[in-house]
Amino acid sequence: MPKRSLPSFDRLKLLKQKNVKYIVTCYQNEFFCENHPKGKCTRGFFSLFLQAVYGIGFAKEHGLPLYVDFGNVTYPYSKCEVSNEPNNFWDKLVDQPLLTSMDVPVPNKEYEVYPLRIWNRNHYRYLHQLMLTGIKFRNELRADINEVKIRMAKLKTLGVHIRKTDHFQEVTPVKDKVFFRQIEKKITNYDRLFVATDDSEMLAILKGKFPDKIMANDCVRSVGSQPIHHKEGQKDGFLLAKEALMDCITLSNCDELILSPSNLSYAALVFNPEVNYTIVESHAAKWNRLKTLLAFHLDRLGIRKW
């Protein structure tokens with residue numbers, strides 16, 4: 001794979017055409033979505049969100065106007081009703097200039113915007129600044145975000161994100177008791193425990209263990225190993241996107257975090273790069289995380305290519 005953010009001569013020539021607009025999207029088979037030929041993308045919300053943030057960075061580096069298009073196929077966060085023209089759910093969350101007839105759209109390549117999780121505080125700060133400059137949430141969503149900030153400022157809160165359902169397919173999981181031990185070590189120093197989890201059974205267990213401490217947003221959760229965003233017809237897709245985003249933002253407004261090695265956890269650090277956190281992970285997951293971090297630093301030094 002070419003070195004990240006260093007396009008080939010032919011790619012640069014394409015990007016420098018007149019009226020080019022850089023399109024951030026899950027494109028054909030670039031992101032390994034097996035159902036793209038069927039017109040579907042099954043990726044999770046924060047995989048897409050982080051791709052958009054990296055896309056902002058790439059477009060900025062190369063002086064390109066940008067459009068985020070998560071409407072080229074049907075995403076888990078598209079509208080429920082059947083449509084021949086899938087809607088771009090990103091436009092419901094974020095204000096962005098629409099495409100015009102003058103624009104020459106050039107879709108992103110995987111190596112330019114792949115949503116790598118680089119667990120490094122300086123990198124969170126970098127992504128945070130990209131997000132601040134490149135993502136303007138719509139007014140109604142900004143109002144909800146401000147309400148979260150006001151509510152969370154009144155409490156000293158420990159936040160935990162426990163990613164369940166199908167996450168074992170991506171990273172080797174730890175036993176639940178490892179999370180419980182981390183919470184028990186820290187919870188006495190906090191007023192409340194905010195729980196972000198995709199698993200309804202896990203939330204019920206935590207309510208039983210810490211009945212006077214639990215806070216959780218009202219949202220759809222899964223029972224079993226199938227993630228909610230893979231269950232067609234369960235709920236309006238845009239609402240699923242908004243619930244995921246608000247869970248992440250609430251988590252980012254906690255005073256300390258206990259995190260799964262997941263995209264939602266990572267995005268919480270992009271929203272708040274300075275928060276103290278602990279990653280709860282298996283040895284295999286930790287080794288993979290450190291290998292990615294090492295490769296990233298070597299790439300920055302020009303020693304290796306992605």
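Which residue in β5 is the bridge partner of Leu-158? In β5, Leu-158 finds its bridge partner in Leu-193.

## Before we start

This is a predicted model, in which local features need pLDDT of at least 70 and side-chain atom pairs count only at pLDDT 80 or more, while totals for chains, interfaces and linings use all residues. Residues are numbered from 1 along each chain as its sequence is written, and side-chain values use heavy atoms, with hydrogens and water left out.

## The sheet

Let's begin with the strands. Five of them form an open sheet in the order β6-β5-β4-β7-β8, with parallel pairing. Strands are DSSP runs of E with at least two residues, and helices are runs of H or I with at least four, both numbered from the N terminus; two strands pair if DSSP finds at least two bridges between them. At the edges are β6 (214-215) and β8 (276-279), each pairing on one side only.

Now look at the individual pairs. β4 and β5 run parallel and are joined over six bridges. Two bridges join β5 to β6, again in parallel, and Phe-194 has Met-215 in β6 as its bridge partner. Strand β4 (residues 157-162) also pairs with β7 (residues 256-259), in the parallel sense over four bridges. Here Val-160 stands opposite Ile-258 in β7.

Strand β5 (residues 192-197) is mostly covered, with five of its six residues buried. Buried means under 20% relative accessible area, exposed means over 50%, and partly exposed lies in between (1.4 Å probe, protein chains only).

## Helix α5

Helix α5 (residues 121-134) has 14 residues and spans 20 Å from its first C-alpha to its last, close to the 20 Å expected at 1.5 Å a residue. That expected span is 1.5 Å times one less than the number of residues.

Which residues of α5 are buried? They are His-123, Tyr-124, Leu-127, His-128, Leu-130 and Met-131. Seen down the axis of α5, these buried residues fall within an arc of 160°, so they line one face of the helix. The arc is that of the directions from the helix axis to the C-beta atoms. On the face turned away from the buried side, you will find the exposed residues Asn-122, Leu-132 and Thr-133.

What covers the buried residues of α5? The cover includes α2 (45-61), α10, β8 and α11 (283-300), where contact means heavy atoms within 4.5 Å.
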